[in-house]
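Here is a set of questions and answers for a reader new to this structure.

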Amino acid sequence: MSSEFWLISVPGDRENLQILERMNNFTSKSNLSRNTDFLIPDFKMGTLDSLLSLSDELGELGRLAESLMKRMTRMTRYVLELKAAKKGEVQEYLFADGVTLASFVTHFEWDLTKYPVKQPLGAIADTLGKELAQVETDLKSSITAYSQLKRELENMEKKLLGSLFTRTVSDIVRKEDFVLDSKYLITLLVVVPKASYSLWQKTYESLSDMVVPRSTKLIAEDQENGLFTVTIFQKAIDDFKAKATANKFTVRDFFYDEKQIQSEREELTKLLSAKKQRDHSRRAKNSRPSSFLDRIAKAIRLRKCWKRGTKKQTEKVEELESEGSWKSPFLHWLKVNFGKTLLVWIHIAALSIFAESSLRYGLPVNFKAVLLHPQKKSRKRLRKILNSTFKHLDAVAASMVDTPVNIPGLQLSNEEYFPYVCFNIRLKFLD
């Protein structure tokens with residue numbers, strides 16, 4: 001079946017199922033579509049002028065609803081980090097009231113509690129419009145919040161996984177490794193290539209006349225380098241840095257500040273807590289490609305543990321890989337509000353069919369609405385049969401279908417104007 005539904009109406013008693021049976025006769029034999037009765041409530045009728053105005057308003061609301069659902073679908077794919085080739089997987093996240101989109105549309109019932117039919121049509125349209133406006137506002141703020149969190153997490157990854165030349169050391173250093181509160185002495189951090197460990201031990205005391213003997217200590221390692229502490233006199237900092245650089249030792253621009261380190265640790269803890277909620281629904285599917293954050297977690301596992309604090313580093317990896325997802329709140333919001341928007345959209349479709357049918361077929365209201373779900377490869381043939389069957393309803397419309405027409409000021413294309421009223425419901429929201 002296609003991802004498209006046609007909600008059409010033809011003149012006749014809305015309670016008369018013979019129209020549906022007739023439609024089934026000329027579509028089911030050739031398996032062109034599946035047809036379902038679509039019940040339209042008895043709305044409070046307004047004037048023709050009000051119906052004309054309402055028709056324009058509903059058109060705008062329908063386009064807004066479609067636009068919002070497309071944006072939410074794209075964001076769902078973005079959050080799940082699915083490539084275009086895998087976009088079909090997004091469908092499993094798109095539900096309305098816990099059922100598939102096609103099932104929801106097929107079994108749609110007007111929500112009499114939320115949208116009382118005794119209200120004027122304009123009031124119902126206003127309610128629908130306000131709901132869409134709220135979703136649009138919330139979507140913008142949610143995207144902003146998500147993007148900010150994603151940037152913060154990526155920055156955290158860089159801080160945690162960079163080399164010893166650039167990564168944060170707030171999770172490595174300990175207070176007892178530094179000489180503090182001294183007017184004369186200071187402890188520096190020096191990155192030394194592993195191949196140069198022996199050279200460092202032999203030469204660091206001679207890099208300056210003011211190096212404290214036997215003050216160096218290895219506090220961390222990665223695959224290529226080690227991080228050493230060394231204590232010197234403060235006035236020898238520039239001289240020591242210059243000579244260390246000449247020997248391919250790199251002095252980190254780091255000075256122990258308890259408040260700054262604590263602040264950075266709290267920020268990392270906050271971000272790790274957010275990341276602790278890794279996407280369990282996505283992790284459950286082994287076939288799904290790993291995301292950027294999954295690859296980062298894998299990189300952490302493969303990286304050699306720090307020589308000191310192996311248990312601490314292992315616990316941090318476990319935090320990064322724990323169940324749940326920092327993405328889940330936004331993903332959940334997208335799922336809920338996509339369903340909410342689809343609900344509004346189908347109500348707009350029902351209201352549009354009522355307004356357009358009243359204008360097209362006249363008063364009193366007397367039409368039958370049917371929902372058609374065309375076979376994917378039979379849409380052109382089905383449209384041709386419908387136009388032929390109902391061309392007696394509007395000869396002008398029938399001629400427009402068969403002959404290209406360009407009427408200035410008329411915004412309906414040949415594909416949109418038929419002898420019967422038709423509202424297309426396209427459930428394909430990714431290009």
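Q: How do you know that strand 1 and strand 7 are paired?
A: In this predicted model, strand 1 and strand 7 (residues 367-374) are joined by six bridges and run antiparallel. Pairing requires at least two bridges, so the two strands count as paired. One of the contacts sets Ile8 against Val370 in strand 7.

Q: What makes strand 2 and strand 8 edge strands?
A: The open sheet has four strands in the order 2-7-1-8, with antiparallel pairing. Strand 2 (33-37) and strand 8 each have a single partner strand, so one side of each has no neighbour in the sheet. From one strand to the next, the twist averages 25°.

Q: Why is strand 1 described as largely enclosed?
A: A residue is buried when its relative accessible area is under 20%. Seven of the eight residues of strand 1 (residues 4-11) are buried, so the rest of the structure largely encloses this strand.

Q: Which residues touch the most other members of the largest nonpolar core?
A: Trp345 and Ile425 do, in a core of 60 residues. Elements that each supply at least two residues of this core include strand 1, strand 7, strand 8, helix 2 and helix 4. Helix 11 gives the most, with 17 residues.

Q: Why are helix 2 and helix 4 called roughly parallel?
A: The axes of helix 2 (residues 48-80) and helix 4 (residues 121-161) cross at roughly 20° and come within 10 Å. An angle under 35 degrees counts as roughly parallel, so helix 2 is roughly parallel to helix 4. The contact of helix 2 with helix 4 has 18 nonpolar, two polar and six charged residues. The crossing of these two helices is left-handed.

Q: What makes helix 2 and helix 11 roughly antiparallel?
A: Their axes cross at roughly 155° and come within 8 Å. Angles over 145 degrees count as roughly antiparallel, and helix 2 and helix 11 are therefore described that way. Helix 2 and helix 11 also have a left-handed crossing. Their contact is made up of 24 nonpolar, eight polar and two charged residues.

Q: How do you know that strand 5 is mostly covered?
A: Eight of the nine residues of strand 5 (residues 225-233) are buried. Each of those eight has a relative accessible area under 20%.

Q: How many bridges pair strand 3 with strand 5?
A: Nine bridges pair strand 3 (residues 185-193) with strand 5, in the antiparallel sense. Among the facing residues, Val192 stands opposite Gly226, and Ile186 has Ile232 as its bridge partner.

Q: How do you know that strand 4 and strand 5 are paired?
A: Four bridges join strand 4 (residues 217-221) to strand 5, and the two run antiparallel. The requirement is at least two bridges, so they count as paired. Leu218 stands opposite Phe228 in strand 5. A hairpin through three residues joins strand 4 to strand 5.

Q: What makes strand 4 and strand 6 the edges of their sheet?
A: Four strands form this open sheet in the order 4-5-3-6, and the pairing is antiparallel. Strand 4 and strand 6 (250-251) have a single partner strand each, so one side of each is left without a neighbour in the sheet.

Q: Why does Arg214 count as exposed?
A: The cut-off for exposed is over 50% relative accessible area. Arg214 has 77% relative accessibility, so it counts as exposed. Arg214 lies in the loop between helix 5 (197-203) and strand 4. Its phi is near 50°, a positive value in a residue other than glycine.

Q: Is Lys248 buried or exposed?
A: With a relative accessible area of 69%, Lys248 is exposed. Lys248 is in the loop between helix 6 (237-246) and strand 6. Lys248 has a positive phi of about 65°, although it is not a glycine.

Q: Which peptide bond is cis, with omega near -5°?
A: The bond from Leu363 to Pro364 is cis. Pro364 lies in the loop between helix 11 and strand 7. In general, most peptide bonds are trans.

How values were computed: Residues are numbered from 1 along each chain as its sequence is written. This is a predicted model: local features need pLDDT of at least 70, side-chain atom pairs count only at pLDDT 80 or more; totals for chains, interfaces and linings use all residues. Side-chain values use heavy atoms; hydrogens and water are left out. Axes are lines fitted to C-alpha atoms, for helices over the stretch in contact, and angles run from 0 to 180 degrees between N-to-C directions. Angles under 35 degrees count as roughly parallel, over 145 as roughly antiparallel, 65 to 115 as roughly perpendicular and the rest as oblique. A crossing is left-handed if the near helix is turned anticlockwise from the far one by less than a right angle, and right-handed if clockwise. Ala, Val, Leu, Ile, Met, Phe, Trp, Tyr, Cys and Pro count as nonpolar, Asp, Glu, Lys and Arg as charged, and the others, Gly among them, as polar. Buried means under 20% relative accessible area, exposed over 50%, partly exposed in between (1.4 Å probe, protein chains only). A nonpolar core is a set of buried Ala, Val, Leu, Ile, Met, Phe, Trp, Tyr and Cys residues joined through side-chain atoms within 4.5 Å.
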